Amino acid sequence: MQDFLEFRSISKGYPGVQALSDVSFSVRKGAVHGLMGENGAGKSTLIRLLSGDQSADEGEILIDGEAQSYRSVRDAFRAGVIVIHQELQLVPELTVAENLWLGHFPGKGGVIDRRQLIRVVGEKLTEIGIDVDPSAKIASLSIGERQMVEIAKAVMLDARVIALDEPTSSLSSRESEILFALIERLRSNGTVILYVSHRLDEIFRLCDSLTVLRDGKLAAHHADISEVTRDQIIAEMVGREISNIWGWRARDLGAERLRVESISGPKLRAPLSFTVRRGEILGFFGLIGAGRSEMTRLVYGADRRDQGTVSIDGAIVPADSPPKSVRAGMVLCPEDRKFDGIVQGRNIEENMAISSRRHFSPFGLLNLKKEAELADRFIAKLRVRTPSRKQDIINLSGGNQQKVILGRWLSEQGVRVLIIDEPTRGIDVGAKSEIYEILYELAAQGMAIVVISSELPEVMGITDRILVMCQGRIAADIARTDFDERRILAAALPDLPTAQVQPS
Amino acid sequence: MTSLKKLLLGEQGLVVIFAVAFAIVALTVPNFLTERNMLGLLQSVVTIGIVACTMMFCLASRDFDLSVGSTVAFSGMAAVMASNASGSILIGLVAALLCGGFVGLVNGVVIAHFRINALITTLATMQIVRGFALIASDGRAVGINDPSFYQLALSKFLGIPTPIWVMGAFFVVFGFVLNRTVFGKNTLAIGGNPEASRLAGVKVSNMRIWIFSLQGLVCAVAGVLLASRITSGQPNAATGLELSVISACVLGGVSLAGGRAAMTGVIVGVLIMGIAENVMNLLNIQAFYQYVVRGLILLLAVLLDNLRSAAAGRRS
């Protein structure tokens with residue numbers, strides 16, 4: 001089969017960073033092509049160039065042998081290239097059918113023929129194999145279904161190349177299965193799929209070929225994925241061998257540090273209790289909707305609590321506000337970094353000092369020198385990859401943003417409890433180990449750490465004990481010596497009549 | 001990018017445009033660049049300039065305040081009536097600050113604690129407070145009895161009227177607060193991402209209440225100076241002030257989406273508004289046209305700002 005999509009000597013620089021230099025590779029027609037690399041390796045930049053959002057400094061993109069010179073997302077649409085980003089681009093208040101037709105509604109003289117709209121879309125969805133009601137509003141759909149709609153939109157626009165950027169990052173495993181089936185069908189129609197993911201198992205399952213980027217350069221290109229191994233890809237991504245990415249080791253556990261007693265709230269009816277000891281890393285695992293994030297927000301005081309108490313070293317933490325929790329020594333690295341973690345438009349220094357500056361700002365007057373020192377110290381300590389501390393945080397990769405948020409709390413004084421929700425979501429292998437090392441170091445200093453994660457290997461890899469949540473309750477409490485994948489998953493699955501349980 | 005484009009769309013683009021416009025006006029419009037006209041121009045923007053200081057904070061924290069015009073009128077009225085009744089200007093001043101501060105506090109509490117949209121809340125208080133001013137005065141202007149009250153606006157220091165000094169002082173103080181204090185940084189953080197700021201330990205509700213209360217207090221100062229200048233408390237004073245103030249801030253590059261603000265920008269914005277009006281007066285352009293010109297300036301400023309953020313987006 002011939003090459004359909006080709007990147008030829010692509011280079012792209014931003015101030016202070018050469019995001020891509022001289023990257024060339026090509027993809028066959030009807031192939032699913034994986035694109036991997038650590039955060040900051042240049043994947044996002046490459047996707048951005050492909051989408052028409054930005055143009056390359058040098059080099060060109062060829063589709064079906066033709067050099068493309070498009071300069072906008074619309075031009076790229078016309079060339080048959082559609083990029084589906086992590087943040088979906090649908091209008092929540094319109095229906096599925098309306099979203100699919102947005103921009104080119106059928107009908108006469110600006111009057112929309114609703115019935116025709118829904119009928120045509122319904123037929124098309126059935127044809128592609130997507131089970132979504134065309135007259136449902138986008139807002140009423142799950143994230144997985146919305147993604148299906150985005151893909152359907154791409155198909156309706158006769159896309160020849162579809163790029164998916166971390167499509168499964170917010171999908172449940174069942175939704176992921178549906179997505180994979182859809183990708184298979186698109187492949188058999190001859191569509192080229194560029195699949196960006198951090199998840200090696202998905203890459204191996206779906207992709208025919210693979211490109212690995214590292215530091216903006218081509219690290220490896222595999223025309224046939226069956227000839228590579230997992231370890232080889234990881235080595236290519238990080239440029240060194242990583243034998244054990246978890247790196248867990250035994251620690252001495254001290255006295256009880258955090259005590260959560262019968263807390264409940266509007267979204268979490270059944271009272272929850274647990275304790276964490278000094279130096280302990282406690283894991284929370286559960287399927288989507290099990291109540292992990294609701295529990296986190298209740299403990300931290302981010303949502304209103306109906307009852308229950310949280311105490312640190314025996315002292316009760318006021319229930320109603322995150323600022324009070326911080327002052328009592330409990331901090332949170334939230335799950336959704338973009339919406340709850342980073343302050344967009346402000347630089348690294350300000351994002352780090354946002355809380356701790358009150359300790360060295362007499363009468364509310366800033367100590368700019370101290371803030372700069374602090375930022376430089378934690379940029380170095382946490383190995384944040386950035387040209388300077390003045391860089392807007394939005395320009396950092398996910399892993400580096402997470403490090404800045406960790407830096408925010410490491411610079412705070414008297415932190416005794418760290419809650420970290422999805423510590424490495426959307427973060428590459430190399431940065432993952434670095435973040436785990438930071439957690440071990442903090443635990444060794446006596447901090448009590450609560451890790452919430454939907455990735456089972458991660459929870460099993462880095463924690464001392466796991467609480468499994470299911471339907472808003474703690475279903476199991478398992479010590480590290482008893483960690484067993486089946487047992488944990490069994491506890492996480494709700495007790496449904498067997499007919500309803502989806503095989504995975 | 002050509003260097004001209006770079007200059008205009010850069011950080012200091014607005015200042016450059018302002019300097020060029022000022023030079024052109026100074027050379028072409030007769031009587032513009034005279035001491036008397038300059039002082040008159042500055043006098044005319046005192047109310048807008050003072051209120052813009054705190055409106056900048058309000059907008060930077062992703063909020064909005066439509067009640068400033070009413071608060072200026074109401075607190076000016078309170079100052080005149082209290083000083084007439086008590087015979088003490090000081091008591092008048094305190095009354096004005098209490099009234100202004102109270103309006104701001106109510107705005108802040110309703111918005112922060114009851115989570116009512118700032119636009120709606122202040123739209124309501126704008127009308128309520130205007131109503132108070134009308135009720136208190138029975139809809140008529142209330143003259144100032146004590147001539148030394150006039151002196152607040154008439155007195156001069158080093159040849160420059162006191163209100164201009166007050167405005168200058170406010171510019172300096174609030175510029176400092178924005179850039180060099182925890183309060184300023186927290187304001188910008190809240191505007192950038194309110195939920196992230198709250199989870200990061202910033203007392204977001206308290207901050208918002210403070211910002212609105214400050215806005216009320218500053219409106220009171222502007223109200224007292226305005227009453228002193230027009231020698232009476234007017235229940236219909238400062239109508240439409242909120243729009244002029246917000247225009248000046250937006251002209252000065254304050255983002256309505258929050259998180260971005262600079263004092264120098266706001267000062268330039270205020271001056272541009274003042275100069276446009278002043279020049280049109282000097283050229284004897286009918287007042288009706290001034291609305292059109294003001295609107296056009298605002299539109300142009302927003303367009304320029306848009307181009308600038310697009311350019312900044314490409315750079316980063």
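Student: How many bridges join β3(A) to strand β11 of chain A?
Tutor: Five bridges join β3(A) to β11 (residues 209-214) of chain A, and the two run parallel. Strands here are DSSP runs of E, at least two residues long, and helices are runs of H or I of at least four, numbered from the N terminus. Two strands pair if DSSP finds at least two bridges between them. This is a predicted model: local features need pLDDT of at least 70, side-chain atom pairs count only at pLDDT 80 or more, and totals for chains, interfaces and linings use all residues. Residues are numbered from 1 along each chain as its sequence is written, while chains are lettered from A and ligands numbered from 1 in the order in which they are written.

Student: Which residue does A:His33 stand opposite in β11(A)?
Tutor: A:Ser209. β3(A) also pairs with strand β10 (residues 192-196) of chain A, in the parallel sense over four bridges. There, A:Gly34 has A:Tyr195 as its bridge partner.

Student: And which residues of β3(A) are buried on each side?
Tutor: A:Val32, A:Gly34 and A:Met36 are buried on one side, with A:His33, A:Leu35 and A:Gly37 buried on the other. Buried means that 20 or more other C-beta atoms, placed from the backbone, lie within 10 Å of the residue's own; 12 or fewer is exposed, and in between is partly exposed.

Student: New topic: what is the strand order in the open sheet of four strands?
Tutor: The order is β14-β13-β16-β17 in chain A, with antiparallel pairing. β14 (268-277) and β17 (315-316) of chain A each have a single partner strand, so one side of each is left without a neighbour in the sheet. Within the sheet, β13 (residues 256-265) and β16 (residues 307-312) of chain A pair over five bridges, and A:Glu261 has A:Thr309 as its bridge partner in β16(A).

Student: Which helix lies across β13, β14 and β16 of chain A?
Tutor: That is α9 (residues 292-300) of chain A, running at about 110° to β13(A). Angles run from 0 to 180 degrees between N-to-C directions, with axes fitted to C-alpha atoms, for helices over the stretch in contact. Contact means C-beta atoms, placed from the backbone, within 7 Å.

Student: Is α9(A) mostly covered or mostly open?
Tutor: Mostly covered: nine of its nine residues are buried, including A:Arg292, A:Glu294 and A:Arg297. Just after α9(A), A:Gly301 takes a positive phi of about 85°.

Student: Last one: how many residues does each chain give to the contact?
Tutor: Chain A gives 28 residues and chain B gives 22.

Terms used
Contact = placed C-beta atoms within 7 Å.
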